[in-house]
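Subject: A structure to look through

Dear colleague,

I am passing on a structure for you to look through, and my notes on it follow directly below. Please keep it open beside you as you read.

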Amino acid sequence: MESARSVLRWWANFMSSFPLETRPPQWEPEAPPSVAVLFVFPRDRNHNSATSLDVQCLRAQTLLAISGFPHEVRECIENDQSPTGQLPYLLTTNGKVLAGQEIVDEVFNAVPEFAGQLSKDDLADSTAFSVLAETKLHFGLVYDFWFNPQNSQKVAFKQYATGLTWPLNLLVPRLKRLEQIDWMLTQRMTIDKDEILSDVKTALAAFSAQLDKKQYLFGSKPSVADAALFAYLHVFLSTFGPASGVHSAVRDIIKRHDNLIQVCYLLHRPFRPLLNPPILSIRGAYGARGLLWGNKDA
């Protein structure tokens, strides 16, 4: 028994001498940031844009801005960095990497007063309007942005070539177009322009009716649904403006609703300091109609 103990002591002493040499690690994970970081697709610097070109990224940008969630924004073109394989994603101060609905849940948990500003019924309606934007308006955006050959060539391809070198700047946008058209065909048997525009028109009328003369969809404070609505309206209004050289039938429908243009001005406020000059730039992007009720600070 004593001999066994001697062997064990010898083995313990022997192992305690390892490692014989310690070298510095080749790579160490970065410490979590002191403030959450939202990674988004780049903005269009050629047209003095203050927001991401991607509608999902803009939706997340808007949600974090209107909720008061502490964060900073960094541009990124690597979708694979996101846990879902799609931008945006949020790196939190405790090291979590979140995407999709997880970002919304994080905002609600971190800023409970933002989630609590709506009644239970309004919160359910907010979710329903968010889904309406994600279905009807999103299909209209994909049609105008990717399916329309002229628009995809003049707008989408240029935007999605951002940061890419040859030949990726030619290949990636075209693969993205094929991917988006394939997605459209999984949602509908045929791609019918009149049917798509009819759905968009109905959805926009529903948003306009809900908004009425209120500041935001559910009163004096913006909600998750407002963030979703703004993302789509802003992309349509700014991307397919007169300077783009292309036409969007959806943009024409949006401009029939004065209150939708007005809510865009209000929700664009957090991003306005990044524009130069601020008011003139966004007025030019949205068109002549905008500051409807004489509110120059809107």
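Contact means heavy atoms within 4.5 Å. With that in mind, of the contacts in the protein with a separation of 6 or more, 69% are between residues 24 or more positions apart.

Please remember that this is a predicted model. Where pLDDT is low, the predicted coordinates should not be read in detail.

As for the overall architecture, the secondary structure comes to 12 helices and 4 strands, and of the 298 residues in the protein, 44% are buried. The accessible surface comes to about 16,200 Å², of which carbon and sulfur atoms hold 55%.

Then there is the largest pocket, which holds about 1,300 Å³ of space. It is lined by 44 residues, of which D54, Q56, Q86, L87 and P88 are the closest to its centre. Helices α2, α3, α5, α7 and α9 each supply at least two residues of this lining, and the largest share, 10 residues, comes from α5.

With best wishes

How values were computed:
Residues numbered from 1 in each chain as written. Predicted model: local features only at pLDDT ≥ 70, side-chain atom pairs only at ≥ 80, totals over all residues. Heavy atoms only, no water. 1 Å grid on protein atoms, 1.4 Å probe; cavity = no way out; pocket = protein on both sides within 12 Å on 5 of 7 lines; lining within 4 Å. Points joined across faces, edges and corners; volume = space filled by probe spheres on them. Buried < 20%, exposed > 50% of the residue type's maximum accessible area, 1.4 Å probe, protein only. Areas by Shrake-Rupley, 256 points an atom, 1.4 Å probe, with all protein chains shown as cover.
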